[in-house]
Amino acid sequence: METLPSAAERQQLISFFLEVAADQTADVAARFLEATGWKFDEAVQLFYVSNESGGVESSFLPPQTNGITSVENMLASGSSVQGALEDEVRAPLPVVRDIFNEDPAFFRSQPSLDVPFGISRHSAIWESSESVLSTSNGTHDNLASLYTPPFSLMFQGRFDQAKVEASLRGKWLLLNLQSHEEFSSHMLNRDTWANQAVAETIHSNFIFWQVYHDNIEGKKVCTYYNLFKLPAVLLIDPITGQKMNAWTGMVHPERLLEGLLPFLDKGPKEHHAFLLLKQKQRAAHDSAVINVAGKEAVKDDVEMVQAIATSLEDTRGPRPLVTDEESRPEKSHATNSNEKLTYPPLLEEPQGSKGLCRVAIRLPDGCRLQRKFLLTDSIKLLWSFCSSKLEDGLKRPFHFIQFYLGASRSLEYEKDLTFDAAGLSNSLISLVWD
């Protein structure tokens, strides 16, 4: 049963009628509205038809009754309006408007549609209304409902609130940044987020947050993650805010599920626990390597100290001192400054510990070299070794000085001694230019 409008609504309809029907009284407006059951559009059409048939006269006006006089009853009564209506062309259908992909400026200009943190399920864009096209069975269908955002999956709140919620629940944060200008955003709603497999995966393992790029929260996210191409789908670590994975443009369900697969086994908390375990293992490995290297360095230092001590406390007794005159015989191996000095070839450094001696050599610039030699090798290999380390080693002659028990002696190239015979096992000597 159709209900009649209230007194206030009737008065408002009369006011609207008088704005359309100029120079008419409120009584005339009320009688036309009563005749059409207080249907404004039919009352206006009836008024214009009566004007075309000769004006509104008292004989034409619908009689005042206690009930509602419909247009059909008036036409059945044989009034002059019936003939006029039969001769007229059928009135046009009312204009139908629907919102599909409106200009972003329209959304920003509507306070009811502007949501500070994302996309609202209460937006009039996604609701059916009486102004949309009616189907044959009388139901109303909104075209935009095909592209409705996935409200059942979406978290309603700010970006920081979404991160906190995901962190507390131990789930990854899946973020969809949309744009009004890009049709791919609506395709994501229609094809990807509406996919059953995608929806179940998101519901079980993720917190889903969708936002437009031109509102406050959307601008923050675009700036923070340096986004230029929209729409964008981001997988965020809610604990650190790190971007773990990203997609742009239209992302089909199969491609999205493939990218989300590695994150289904472990949540963000398990992920960080795994990273912490790997970090501890790496630190333990590095510590072990450092300890081994430290032990080798200490071993080398101990061996050097022992070598110096051995050279200072040689049990064989002091070697006879060599005077400067004795230590500087005429050198046959040095010709002139333009010719290069030649020394015996130097083989690879021997390895092991038996039959070897370690010699440390202090250079004139303060640097120190050390090398292992066989005890049976000739000390001429000292010249071969040092000449390759010095810039003028093959042009300028040099000799060595050995210190022991507060005294010193010179080691000359012409004295073809072995390391064992020269007492150089584990000793420290100095290189001196001639």
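Which residue in S3 is the bridge partner of Asn176? In S3, that partner is Val233, and the pair belongs to the antiparallel pairing of S1 with strand S3 (residues 232-236), which runs over five bridges.

The model is a predicted one, in which local features need pLDDT of at least 70 and side-chain atom pairs count only at pLDDT 80 or more, while totals for chains, interfaces and linings use all residues. Residues are numbered from 1 along each chain as its sequence is written, and side-chain values use heavy atoms, with hydrogens and water left out.

**The sheet and its helices**

Helices (H or I, at least four residues) and strands (E, at least two) are DSSP runs numbered from the N terminus, and two strands pair if DSSP finds at least two bridges between them. Four strands make up an open sheet of mixed pairing, in the order S2-S1-S3-S4. Its edge strands are S2 and strand S4 (243-248), each of which pairs on one side only. From one strand to the next, the twist averages 15 degrees.

| Helix | Strands touched | Angle between directions |
|---|---|---|
| H8 | S1, S2 and S3 | about 135 degrees with S1 |
| H10 (residues 216-224) | S1 and S2 | about 105 degrees with S2 |

**Helix H9**

Within helix H9 (residues 196-205), Val198, Ala199, Thr201 and Ile202 are buried, where buried means under 20% relative accessible area, exposed over 50% and partly exposed in between, for a 1.4 Å probe and protein chains only. These four cover an arc of only 165 degrees around the axis and therefore lie on the same side of H9, the arc being that of the directions from the helix axis to the C-beta atoms. Gln196 and His203, on the other side of H9, are exposed. The buried residues of H9 pack against strand S1 (172-178), helix H8 (183-192), strand S2 (206-212) and helix H11 (253-260).

**Ser179**

In the loop between S1 and H8 lies Ser179, which is buried with a relative accessible area of 4%. Leaving aside residues up to four places away in sequence, Ser179 touches Ser185, Tyr212, His213 and Leu230. The side chains of Ser179 and Glu181 are joined by a polar contact of 2.7 Å; a polar contact is a pair of N or O atoms within 3.5 Å, of which, within protein, one must be able to donate a hydrogen and the other to accept it, and residues adjacent in sequence count only if both atoms are side-chain atoms.

How values were computed:
Contact means heavy atoms within 4.5 Å. Axes are lines fitted to C-alpha atoms, for helices over the stretch in contact, and angles run from 0 to 180 degrees between N-to-C directions.
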